[in-house]
Amino acid sequence: MGRIIDFYFFALRVTIALLLAGMVVLVFGNVVLRYAFNQGITVSEELSRMFFVWLTFLGAVVAMREHGHLGVDSLIKRLPPRAAKAAVLCGHALMLYATWLVISGSWTQTLINLHVGAPATGISMAFFYGAGLAFGVPAFLILLADVFAIATGRIDVTTTDLVRESEDEAALDDLPAPALGPLSAKH
């Protein structure tokens, strides 16, 4: 099961990269065509907007799995373990509710706009609103898994980083660990 989940998130990362590349090609190509040849790609703005929405929602799923969203957990770190656990579970319950609202609203909008075409491309607007479902369902499952792990004690909320304190910390976490050479061993 772990391999399937890892492959799913690998596929999400590839999709995000392709969406970003598509946005760059559409926008840059449209600019070059407008200024150099006095023409343009009619669907460029609409497609790049759809790509951006999907890129944002899929990126949020990946960040949620990696606990990469920015947040402040200084209060949680100062609470006694039982109170910290209760506070984190309460926060996760609120996130589950908000995610359910996203799923419900996206599903409703997807159904309403199923037969409505976008003005330039004619693509069903259900595709646009479906991005909320593509975010909501995996996010809900990730949150449920976190709630289960916290409730059963597999995640200790007092020692585990459930959020990133700053973007600088996130950037530092991505750097490789420095290799200790012979000079550092002498001191």
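I call a residue buried under 20% relative accessible area, exposed over 50% and partly exposed in between (1.4 Å probe, protein chains only). By that rule I list Phe 37 as exposed, because its relative accessibility is 55%.

The model is predicted, so I kept local features at pLDDT of at least 70 and side-chain atom pairs at pLDDT 80 or more, while totals for chains, interfaces and linings use all residues. Residues are numbered from 1 along each chain as its sequence is written, and side-chain values use heavy atoms, leaving out hydrogens and water.

Entry on salt bridges. I counted a side-chain nitrogen of Lys or Arg within 4 Å of a carboxyl oxygen of Asp or Glu. The structure holds 3.

I looked up Asp 6 and Arg 65, whose closest N and O atoms are 2.7 Å apart. This pair links distant parts of the chain, with Asp 6 in helix 1 and Arg 65 in helix 2, 59 residues apart. Helices here are DSSP runs (H or I, at least four residues), numbered from the N terminus. Asp 6 is partly exposed at 42%, and Arg 65 is partly exposed at 32%.

Next I checked Arg 13 and Glu 66, a salt bridge at 2.2 Å, N to O. Arg 13 lies in helix 1 and Glu 66 in the loop between helix 2 and helix 3 (74-78), so the bridge ties together parts 53 residues apart in sequence.

The remaining entry is Glu 45 with Arg 49, at 3.1 Å, N to O. Glu 45 and Arg 49 sit 4 residues apart in helix 2, about one helical turn. Glu 45 is exposed at 56%, whereas Arg 49 is partly exposed at 42%.

Notes. Helix = DSSP H or I, 4+ residues; strand = E, 2+ residues; numbered from the N terminus.
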